[in-house]
Amino acid sequence: MPSADVPAPVTSPSGDSGDPRVADVRARLDAAYQASATAPEKAAAKLAQQGKLYVRDRIALLLDEGSFVEDGRYANSTTPGLPADGVVTGRGAIDDRPVVVIANDPTVKAGSWGSRTVEKIVRATEIALREELPVFWLVDSAGARITDQVEMFPGRRGAGRIFHNQVALSGKVPQICCLFGPSAAGGAYIPSFCDLIIMVEGNASMYLGSPRMAEMVVGEKVSLEDMGGARMHCTVSGVGDLLAQDDAEAIELAKLYFSYVPVNWQSPLPTYHPEQPAEPLTSASVPERESQPFDVHDVIEGLVDEDSFFEIKPLFAPELVIGFGRMAGSTVGIVANNSAVKGGVLFTDSADKAARFIWLCDAYSIPVIYLADVPGFMIGSEVERGGIIRHGAKMVSAVSSATVPQFCVVVRKAYGAGLYAMGGPGFGPDATIALPTARIAVMGPEAAVNAVYANKIAEVEAAEGAGARDAFVAARRAEYLEDVDLERLAADLVIDQVVEADQLRDELLLRLRYAANRDRHFATKRRGIPPV
């Protein structure tokens, strides 16, 4: 297993005429250096049992060989058993792009924080702010050391400063978290402020209070996995974005994600050699009957370069698909309804999922393509109690305020506020493009006819029978469909272009090129007040 690149330890020169005091300093520094070079035997055995890598091996996998420059390696070296005070910090490069790395060492008091741990992390985030460098957080920490709480918790350079700096970094530089073990108590907020959280299944966890604390305080008996495990957070809470099977996969996913985003908000997006889609779209790619569900991943794969789609939160709210892809080698963001899951209806979780992704794309100048096939937002007492209006407004707010190029592609249905949430014409997209299968309306024809004519339908049935009722409903349905006919919508300039599926990629590529220099101003004010 490779080790992180580090400078050679301080060593004594040859000869016996040196100053004994200097020799003593050299010896002590060498001992301190070696103390954090490898995991102690007992700790290494525990790491192996857990399937974990040593902190310096994690860094070596992440960074380009020979690029790592470490800061604060001798932190707390005068205290036995606290090499580097349990955290490794410094600068390095990934594919020749500079980054800051902050990595907990779980072999040092379970990666817990002391006063110098916090100071090292604060300094690293200050470097990131000053130099506008991305931050990779390699988290594996049991939280604060209670014995150091006065020194590391409440002050101006205490742990709170870490979170303050993370908020300042948000949208300025990418923050990517690989969670290899616990992230406990207040430390759990470090991942939550990151753009991407990758959790190693079976080892990673996040929680504000441990299961033991929950039992003591609220009387709840729960396992660590159920309370804050990786799979729970990636499927239920939505705090986690991606599940990894081991440390190496987590690091590989982090590097892959980084290949889609810029170094900072002012830098250009990385570009790659253009590729054709693995399976081009055809007229058969989208079922013509809107009631027939299909997997929207097939449409996404037909739009983006081969093997370039990087899905985010695939296990959370899967009725909405989000992620990065490349089109002709350049990064785009995709927001797509998936009718194969819950009919593609928008729920509170899917609205949250979309809103944060749109904010992320807007922060880093990544164009957004919406693939709309949505019957609207979910209705019913359960979702109303869950704040569906507030969460839906959050998504609409994100769509409205984004200033990157945005394209609304109406794949099939776009009904009600679902059209708005998917970047419809009223939200100033660079273009609204429709496939021939598209329909735009306040609601579907069956629901609309029932809403308007429910009493009349009942009267016809009572007076003339079921046959007359069906004929009446069919006539009203035909009238409704004529009213929302796609050609009429195009004639009335609701739709900018109607294309066949096999023309959609080329259409978008042309429009992306022309929209690249669009004005990025939204509104003059101190800030918006999003409905969170």
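Select Val-335 to begin: leaving out residues up to four places away in sequence, Val-335 touches Leu-320, Val-321, Ile-322, Ala-354, Phe-357, Ile-358, Val-368, Ile-369, Tyr-370, Leu-371 and Met-422, where contact means heavy atoms within 4.5 Å. The model is a predicted one, in which local features need pLDDT of at least 70 and side-chain atom pairs count only at pLDDT 80 or more, while totals for chains, interfaces and linings use all residues. Residues are numbered from 1 along each chain as its sequence is written, and side-chain values use heavy atoms, with hydrogens and water left out.

Val-335 is listed with Ile-59, Ile-198, Tyr-257 and Phe-324 as the residues with the most contacts inside the largest nonpolar core, which has 74 residues. Such a core is a set of buried Ala, Val, Leu, Ile, Met, Phe, Trp, Tyr and Cys residues joined through side-chain atoms within 4.5 Å, and buried means under 20% relative accessible area, with exposed over 50% and partly exposed in between (1.4 Å probe, protein chains only). Helix α13 (residues 348–363) gives the largest share of this core, seven residues. Another core, of 31 residues, lies apart from it and includes Ala-128, Leu-179, Met-199 and Ala-230.

Next, zoom out to the whole protein. The secondary structure comes to 20 helices and 16 strands, taken as DSSP runs (helices H or I, at least four residues; strands E, at least two) and numbered from the N terminus. The C-alpha atoms fill a box of roughly 110 × 55 × 45 Å along the principal axes, and 49% of the 532 residues count as buried. Among contacts between residues at least 6 apart in sequence, 73% join residues at least 24 apart.

Now select Val-345, in the loop between β11 (330–337) and α13. Val-345 is buried, with a relative accessible area of 14%, and not counting residues up to four places away in sequence, Val-345 touches Glu-319, Ser-350, Pro-375, Gly-376, Phe-377 and Met-378. Of these, Pro-375 is 30 residues from Val-345 in sequence, with 5.8 Å between their C-alpha atoms.

Move on to Lys-394, which is placed in helix α15 (residues 388–401). The lysine Lys-394 is buried, its relative accessible area being 9%. Its contacts, leaving aside neighbours within four places in sequence, are Asp-352, Ala-355, Trp-359, Pro-531 and Val-532.

Two helix pairs complete the tour. Show helix α4 (residues 115–131) with helix α6 (residues 159–169): they pack at an angle of about 20° with their axes 9 Å apart, the axes being lines fitted to C-alpha atoms over the stretch in contact, and the angles running from 0 to 180 degrees between N-to-C directions. The helices α4 and α6 are therefore roughly parallel to each other, a term that applies to angles under 35 degrees. Val-118, Ile-121, Val-122, Thr-125, Glu-126, Ala-128 and Leu-129 of α4 meet Ala-159, Arg-161, Ile-162, Asn-165, Ala-168 and Leu-169 of α6.

Finally, select helix α3 (residues 55–62) and helix α11 (residues 247–258), whose axes come within 9 Å and cross at roughly 35°. Arg-58, Leu-61 and Leu-62 of α3 make the contact with Asp-247, Ala-248, Ile-251 and Lys-255 of α11.

Terms used:
Parallel < 35°, antiparallel > 145°, perpendicular 65-115°, else oblique.
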